[in-house]
Amino acid sequence: MEKKNGFRSGFVVILGRPNVGKSTLMNALVGEKVAIVSPRAQTTRNRIMGVMTREDVQIVFLDTPGIHAPRNKLGQYMMGAVRDALEGIDAAILMLDATDVRAADLELLRKYANLPVKKAIVVNKIDQVDAGVLAPLLQRLGEEKADAYLPVSALKRKGLDALVDQLAAWLPAGPKYFPDDMVTDQPERVIVAEMIREKALRNLREEIPHGIGVEVLSMENQGDETRAVTIHANVFCEKDSHKGILIGKGGEMLRRIGEQARGDIERLLGQRVNLQLWVKVRPDWRNRAEDLRTLGYTPPKD
């Protein structure tokens, strides 16, 4: 695309521990739900791109998995996605949760302090703390090496204009990398699978969600507005006992997950949806290269 006079564009990575609100922030900035959100750690497993286009700037945000010590091949893949997202960026957001600042956050800030780009320390969830807590926290973080320090509430959309203005000022003059109406590079099948997984995360007990994976097998009648899109998908878990919990008594849990996911999917596709889910047991799939590929996670090289 042609470069516009005065137009700025670039790539901004969002880094942070699990559950600090990275996906919520990107969804708020983009204006649409392009990344799933749940209270569970490690909800985001891939690098997810969100595109925000305004009259004078296009910012391509890269949401990354929460930074953690990997315990299996899926975890290694997720941390590989973080490393890959750092290539070719123009700026970085280092994100913290104002309600839960830990030593690990400060370690993360120092780990990425020498990135060769402008960096903003973004303190999220300021709506959940009072000024007496926030002011000394911001003063403390001001001692860390960064180019800007910005308090925000991604959920309440507070402070986002200041964040966008700061990022835009850092970006170079450049082209529109993507059309105005494009908000993500995620294929619709991937987004559908993630929406199903999100509802499973929100409904299941603590020990199960990390072992959930979703594979969309087919999407029929897509684009034919006179008919419902029929979606067939497998929901994978690692144990027979987890399968029973996923299905629930009389199929109640699986039906609830499907009903909740259907609403989001219909809004995404703009069509009625007939969602058919099956639960499959794949023991230790998070350590199996073939299963990781099936579910869209390219295993890391040894």
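## Strands β4 and β5

In this predicted model, strand β4 and strand β5 (residues 118-124) run parallel and are joined by 7 bridges.

Strand β4 (residues 91-97) is largely enclosed by the rest of the structure, because 7 of its 7 residues are buried. Its side chains are divided between two directions, with A91, I93, M95 and D97 pointing one way and A92, L94 and L96 pointing the other, and all of them are buried.

## The aromatic pair

The model contains 1 aromatic pair by the rule applied here. It is formed by F11 and Y177, whose ring centres lie 5.0 Å apart; the planes of the two rings are at 55 degrees, so the pair is classed as tilted.

F11 belongs to strand β1 (residues 3-16), whereas Y177 sits in the loop between β7 (173-175) and α6 (188-203), and the pair therefore ties together parts that are 166 residues apart in sequence. Y177 is partly exposed, its relative accessible area being 39%.

## Helices α7 and α8

Helix α7 (residues 240-247) and helix α8 (residues 252-269) have axes that come within 4 Å and cross at roughly 60 degrees. On the α7 side the contact involves I245, L246 and I247, which meet E252, M253, L254 and I257 of α8. Sorted by class, this contact between α7 and α8 comprises 6 nonpolar residues and 1 charged residue, with no polar residues.

Definitions and conventions
Residues numbered from 1 in each chain as written. Predicted model: local features only at pLDDT ≥ 70, side-chain atom pairs only at ≥ 80, totals over all residues. Heavy atoms only, no water. Buried < 20%, exposed > 50% of the residue type's maximum accessible area, 1.4 Å probe, protein only. Pairing = 2+ DSSP bridges. Phe/Tyr/Trp six-rings, centres within 6.5 Å; stacked < 30°, edge-to-face > 60°. Axes fitted to C-alpha atoms, helices over the stretch in contact; angles between N-to-C directions. Contact = heavy atoms within 4.5 Å. Nonpolar A, V, L, I, M, F, W, Y, C, P; charged D, E, K, R; others polar.
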